[in-house]
Amino acid sequence: MAAQLPDEVLSSLNESIKCRELQHQQTACLLTSDLFSLPNLVLHGTEATGKSLTINALLSAIDTPSAIIRSKECITTRHLLERTLTEVQEALGDNAPQVDGRCESISAFVVQLQRLLEDQKKFILVFDNIDRQREAAPTLVPALARLGELIPNLTTVFVITFPRPHLFHKPGIPHIHFPPYTRAELLNLISLSPLPLAPPPSASPPPNPPTFTQADLDYLWPRFTTAVQDSLAQPASNTLPSLRTLCARLWPPFIAPILANHYTPREFSKLIVRNRHLFQSEDSLKHS
């Protein structure tokens, strides 16, 4: 049941989306195996844990035609179903069968989807954030989970936050969990995109601006992000986007003494003492 994804492609996926190697391997194994056809797959985990990034990158790396439906962007169930038909038709290209595209019911949707996919060897359909679909009837997700029974060449992937009991009304669906990043993983990820040792674009440059090397930034940035994470992390920055936002807010005032030639980037302890109010005040957490 090994994945058919080439090792170099999987390595590239691991390089572009860090700290999710196990999830990449599991997802690739289930979606690219030639030994079986998987009707449904669930990717679940809290926000900002790499679910959508992983499925997007994987589908871009394989030859199987696919479509990703952003469920949160659909106002009603009918909107979701009609957009799904449109996206599937676009994914199949100019040779796609022509369908009406209007869906008064899930039954009409299934009939049109069957016609679109009747000549396809395999198709992967992703419903991203389907558990946040607006105005969704309780029967919507169970109905979508049955598509694989009616269309054998279709694999339906559900990207959700939390797999509630009886959400699918169908046992035996493989689930892949994307756990929250650990402290070490968060710091590793945020270290990959350091902010510059420079004043904000909107600020006037100082009269005698100091010069810095990449080594100065490499020394200061990880120590700064660690201080932010340890001082203000729980619960304000327990996700990667919130930690990035918090670091971006605190970085300009933190490095202001450096830009004013009061300290060097290597005097981290003195900078912490000088800027201790940044790490003690709850004002830093506003709008996080």
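In which crossing, right-handed or left-handed, does α8 pass α9? Keep that question in mind as you select things in your viewer; the tour will come to it.

**Before you start**

This is a predicted model, in which local features need pLDDT of at least 70, side-chain atom pairs count only at pLDDT 80 or more, and totals for chains, interfaces and linings use all residues. Residues are numbered from 1 along each chain as its sequence is written, and side-chain values use heavy atoms, with hydrogens and water left out.

Helices (H or I, at least four residues) and strands (E, at least two) are DSSP runs, numbered from the N terminus.

**Stop 1: two helices that cross**

Select residues 183-190 for helix α8 and residues 214-232 for helix α9. Their axes come within 10 Å and cross at roughly 140 degrees. Axes here are lines fitted to C-alpha atoms, for helices over the stretch in contact, and angles run from 0 to 180 degrees between N-to-C directions. The angle makes α8 oblique to α9; under 35 degrees would count as roughly parallel, over 145 as roughly antiparallel, 65 to 115 as roughly perpendicular, and the rest is oblique.

Now for the opening question: α8 passes α9 in a right-handed crossing. A crossing is right-handed if the near helix is turned clockwise from the far one by less than a right angle, and left-handed if anticlockwise.

Show the side chains next. From α8, Arg183, Leu186, Leu187 and Ile190 make the contact, and from α9, Trp221, Thr225, Thr226, Gln229 and Asp230. Contact means heavy atoms within 4.5 Å.

Leaving aside neighbours within four places in sequence, Thr225 is in contact with Leu187, Ile190 and Cys247.

**Stop 2: the nonpolar cores**

Select Val88, Phe109, Leu113, Leu125, Leu144, Phe158 and Phe168. These residues have the most contacts inside the largest nonpolar core, which has 33 residues. At least two residues of this core come from each of β2 (66-70), α4, α5 (106-117), β3, α6 and β4 (154-160). Apart from it lies another core, of 27 residues, with Leu217, Trp221, Phe224 and Leu271 among them. A nonpolar core is a set of buried Ala, Val, Leu, Ile, Met, Phe, Trp, Tyr and Cys residues joined through side-chain atoms within 4.5 Å. In soluble globular proteins, nonpolar side chains tend to be buried together.

Which residues is Leu113 in contact with, leaving aside its neighbours within four places in sequence? They are Leu85, Val88, Leu125, Leu147, Ile151 and Leu154.

Then find Asp7, in helix α1 (residues 7-16). Asp7 is exposed, at 61% relative accessibility. Draw a line between the C-alpha atoms of Asp7 and Leu113: they are separated by 33 Å, and the two residues are 106 apart along the chain.

**Stop 3: a buried serine**

Move to Ser71, in the loop between β2 and α4. Ser71 counts as buried, at 0% relative accessibility. Beyond its neighbours within four places in sequence, Ser71 is in contact with Leu80, Phe127, Asp128, Asn129, Ile130 and Gln133.

**Stop 4: salt bridges**

How many salt bridges does a search of the whole structure find? The search finds 12, where a salt bridge is a side-chain nitrogen of Lys or Arg within 4 Å of a carboxyl oxygen of Asp or Glu.

Select Arg132 and Glu47, whose side chains meet in one of these at 3.0 Å, N to O. Arg132 lies in the loop between β3 (123-128) and α6 (140-145) and Glu47 in the loop between β1 (40-44) and α3 (51-61), so the pair ties together parts that are 85 residues apart in sequence. Arg132 is partly exposed at 33% relative accessibility, and Glu47 is partly exposed at 48%.

Go on to Glu82 and Arg78, which meet in a salt bridge at 2.7 Å, N to O. They are four residues apart in helix α4 (residues 77-92), so about one helical turn separates them.

**Last stop: two positive phi angles**

Select Cys19, in the loop between α1 and α2 (21-32). Phi of Cys19 is near 65 degrees, a positive value in a residue other than glycine. Cys19 is buried, at 15% relative accessibility.

Finish at Glu135, in the loop between β3 and α6. Glu135 has a positive phi of about 55 degrees although it is not a glycine, and at 62% relative accessibility Glu135 counts as exposed.

Conventions:
Buried means under 20% relative accessible area, exposed over 50%, partly exposed in between (1.4 Å probe, protein chains only).
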